[in-house]
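Good morning, everyone. Please look at the structure on the screen while I guide you through a few of its parts.

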Amino acid sequence: MKSPDFALLGGMPVFAKSLPVGQLYFPSWGRYEAAMRGIFERRYYTNQGPLVQQLEERLQDYLGVKHAICVTNATIGLMMAAEALELKGKVVLPSFTFIASAQSLSWTCIEPVFCDVDPLTHQLAIDKLDALMDEHVTGIMGVNLWGGACDPVALEKYAHARDLKVYFDSAHAFGCVVDNTNIANFGSIEVFSFHATKVLNATEGGCLCTNDDELAARLRNIRSSYGAGKPVPVVKTSNGRMSEAQAAIALLSLEDFPQNQQNNEMLFRKYEERLEPIPGIKLVKPAGVTFSNYQYVVCEIDESSFGLSRDSLIAVLKAENVNARRYFYPGTHRNIGYRDGLAGVAGSLPVTDHLCASCLQLPVGAMVDGDAVDAICEIIDRSRRDAPLLKSFFAGHGK
Amino acid sequence: MISEKKQMQDLACFGGGRLFAEPKSTSNLVQPDFDSFMRYSRQFFDRQHYTNNGNLVKLLEKRLAEFHDARFCIACCSGFWGLVLAMSTLALKGKSEIIMPSLTYRRMADIAAWARLKPRFCEVDPNTLAPTRQSVGECINAKTALILGVHPIVNCCDIDGIVSLGKEHSIPVLFDSVESVYESSSNGKVGRFGDAECFSMHASKLLNGFEGGYVTTNNAELAHRLALLRTYGFEGQDNCIIPGGLNAKLNEIHAAMALANLDEMDQQVVKNRQRYRQYQAGLSGMAGIRLLEFDESLGTSYKNIVVELLDVWPLKRDETVTVLNAENILARAYYSPPLHHKEMSYPYIPAKLEMTDYLARRFMLLPCGDFVTCDDIDRIVQIMKFINLHGLGIAHRLAANEVGAS
């Protein structure tokens with residue numbers, strides 16, 4: 001292959017249009033129009049309207065959980081969860097997560113304590129928890145990553161033995177199943193994201209699931225006075241309402257979930273097949289679940305055997321209009337607001353640091369099909385084969 | 001018009017039929033032209049860009065900044081979180097208190113608590129129902145971090161007085177302008193005063209965006225910080241540059257709705273004025289009730305209908321609300337109970353506010369907005385006349401019912 005074939009080196013990009021990584025499934029124009037017309041006819045726009053009520057019922061049925069409480073987004077959902085659980089002092093969570101997990105704690109005056117993750121599954125390393133425990137820790141936030149799970153049963157057991165509260169950031173985990181139990185049923189509360197990049201899309205949105213009536217009542221009272229149900233005392237309310245427009249999109253997305261999950265799985269299998277023979281790139285398979293939504297395609301790059309660094313590969317892909325991204329980067333413990341005071345523990349999360357330096361996320365969802373996956377994998381394979389050429393290019397550009 | 005209620009037992013609260021089959025509320029619930037909303041929707045749909053500072057959000061921000069004659073506008077998922085972010089950003093570091101009226105939005109102290117500020121409640125003026133330079137000034141002390149000027153539901157608070165007070169004490173001033181989108185002061189449109197102003201696009205408000213809110217400011221640095229904070233503190237991908245962020249993003253569907261409604265706002269105000277005139281004509285000369293009049297020398301939305309029940313009105317305000325609610329007239333008490341009487345499990349400064357207590361018993365909101373026709377207003381006025389006429393009897397019967405029930 002000649003050098004100008006790489007867009008980075010002056011060739012034509014493989015894709016004419018930039019391919020984002022997120023799911024971005026959305027109903028057809030006709031279904032969108034019909035849903036919005038329905039809202040205009042009912043003239044009911046928000047405040048726990050008929051569509052939000054319907055969505056909550058459907059989610060409860062689908063997830064097999066007693067209470068599904070829809071919210072405007074998952075970050076505010078996590079903040080509401082911390083409020084409802086009356087967490088104080090410190091909460092332990094993995095650093096290898098989206099920054100909002102930790103920010104939800106900062107907003108509720110709780111100090112996040114970061115735990116490392118398992119190098120194979122990327123999930124919270126339960127065996128590293130002991131070292132982080134002290135009398136100020138009141139809870140554990142498990143994070144279910146990449147369409148997999150962080151062994152919620154073991155985490156529940158660990159927390160209960162120490163009288164700690166445990167809840168889950170399941171932004172990645174909608175629809176996943178752990179041994180016949182839908183993932184919505186673990187811990188005190190499970191928080192799902194319905195952001196457009198997730199398998200269930202409400203543009204923005206989320207829901208909190210619990211089987212605890214008291215907690216559900218508290219969450220509803222914190223969310224808003226509309227749909228609050230039984231009045232119970234709470235420290236402070238938030239505005240966490242989901243609008244009828246958001247609920248309309250989520251309902252259509254829930255209808256489409258089986259086919260979207262299948263599409264994700266088909267694409268994932270294709271990536272699996274195409275990437276398997278390429279040395280130095282390892283596709284991360286959803287761990288700890290018996291059913292996955294396959295909403296993330298995350299790979300680890302081993303620079304020595306691949307021949308290029310993760311960041312160099314991303315630069316090559318971006319030039320081809322594949323908007324691959326570092327995810328998560330940096331580790332939450334190295335972000336502004338969380339890195340201060342950690343000087344003494346620098347390097348204490350070696351697995352997280354390693355993953356943050358070696359993982360990349362590839363497109364999966366509505367924007368790609370099997371051919372696109374083939375083409376993406378072809379770019380990756382070519383990059384490996386032409387690594388010396390690309391390396392000299394990067395060296396020349398001071399990278 | 002002939003009264004539909006002939007005798008006391010015709011009132012719904014005593015077993016009669018409801019005056020309205022569908023509720024008449026104080027929420028605006030204004031609806032734009034469907035095709036216009038769909039034309040805006042088409043823009044995000046074709047781009048497959050559903051949120052994360054999309055083009056419609058950017059367009060809305062530009063349009064609203066122009067509308068308010070402010071340099072910057074930052075759209076948020078709600079007015080609530082817009083206020084929290086503005087408060088936490090503007091509050092002086094190392095200071096703990098926010099001065100706010102007690103006679104205001106029932107969640108305002110919660111909003112301050114999210115911003116980790118301790119509310120110190122100030123008095124309001126009986127004529128404007130708003131905080132004044134003097135009432136705010138009395139609360140300023142060494143711990144004051146921020147002044148929250150709150151516009152009342154009808155007309156504006158003393159903008160100049162509060163802004164100059166803040167300047168003299170070097171304390172930032174934030175305005176809660178949720179009810180004053182369309183209003184002007186003698187110095188220009190609301191939205192450009194103090195350090196920042198906060199607005200809501202909740203469906204009940206003048207500008208319906210399903211849910212949503214925005215902050216306007218002329219301060220470039222503040223605008224930049226707020227835009228970062230509503231998106232986790234990110235500047236570009238993976239680059240968190242300030243702490244204290246969260247997700248307060250406005251999605252594109254809500255932005256489409258707000259844009260379509262913004263296009264039609266002038267027509268909406270014409271309809272609001274017709275409704276207001278209908279109330280004005282109907283209630284004028286009725287003893288015991290005073291309609292709060294809009295200052296028509298300046299820009300106004302004519303949206304909210306607030307009445308004061310005077311001493312000669314035969315029922316207590318809350319009894320009046322009960323009677324009306326039974327008829328499906330969802331009249332509401334005006335900011336009652338005031339905040340300083342609510343139980344708070346977070347830090348606040350206890351207050352004794354006699355004027356606020358007095359005012360909190362006297363005012364109520366009457367139905368307005370898209371669901372209310374001039375004919376509806378005539379019927380509402382008729383029932384107010386009926387209540388006025390049979391007030392003492394109604395009061396006795398309500399009291400008897402209460403005794404019977406307890």
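What you see is a predicted model. Its scores are ipTM 0.97 and pTM 0.97. For chain B, the mean pLDDT is 96, and 99% of the residues reach 70 or more.

I turn now to strand β1 of chain B, residues 72-76.

Which strand does β1(B) pair with? It is joined by 5 bridges to strand β9 of chain B, residues 213-217, and the two run antiparallel. Within this pair, B:A75 has B:Y214 of β9(B) opposite it.

In chain B, 7 strands make up an open sheet, in the order β1-β9-β8-β5-β4-β2-β3, with mixed pairing. At the edges are β1 and β3 (118-122) of chain B, each of which pairs on one side only. From one strand to the next, the twist averages 25 degrees. The parallel sense is found between strand β4 (residues 144-150) and strand β5 (residues 173-176) of chain B, which are paired over 4 bridges. There, B:G149 has B:F175 in β5(B) as its bridge partner.

Next, a pair of helices. The axes of α2 (residues 55-68) and α8 (residues 252-263) of chain B come within 8 Å and cross at roughly 35 degrees; the crossing is left-handed. Among the residues that make the contact are B:L56, B:L60 and B:R63 of α2(B), together with B:E252, B:A255 and B:L259 of α8(B). By class, this contact has 9 nonpolar, no polar and 2 charged residues.

Finally, we come to the two chains together. Here, 36 residues of chain A are in contact with 40 residues of chain B. On the chain A side, α1(A) gives the most, with 6 residues. That side has 16 nonpolar, 11 polar and 9 charged residues. Thank you for your attention.

Terms used. Residues are numbered from 1 along each chain as its sequence is written. Chains are lettered from A and ligands numbered from 1 in the order in which they are written. This is a predicted model: local features need pLDDT of at least 70, side-chain atom pairs count only at pLDDT 80 or more; totals for chains, interfaces and linings use all residues. Two strands pair if DSSP finds at least two bridges between them. Axes are lines fitted to C-alpha atoms, for helices over the stretch in contact, and angles run from 0 to 180 degrees between N-to-C directions. A crossing is left-handed if the near helix is turned anticlockwise from the far one by less than a right angle, and right-handed if clockwise. Two residues are in contact if their C-beta atoms, placed from the backbone, lie within 7 Å. Ala, Val, Leu, Ile, Met, Phe, Trp, Tyr, Cys and Pro count as nonpolar, Asp, Glu, Lys and Arg as charged, and the others, Gly among them, as polar. pLDDT is the predictor's confidence in each residue, from 0 to 100.
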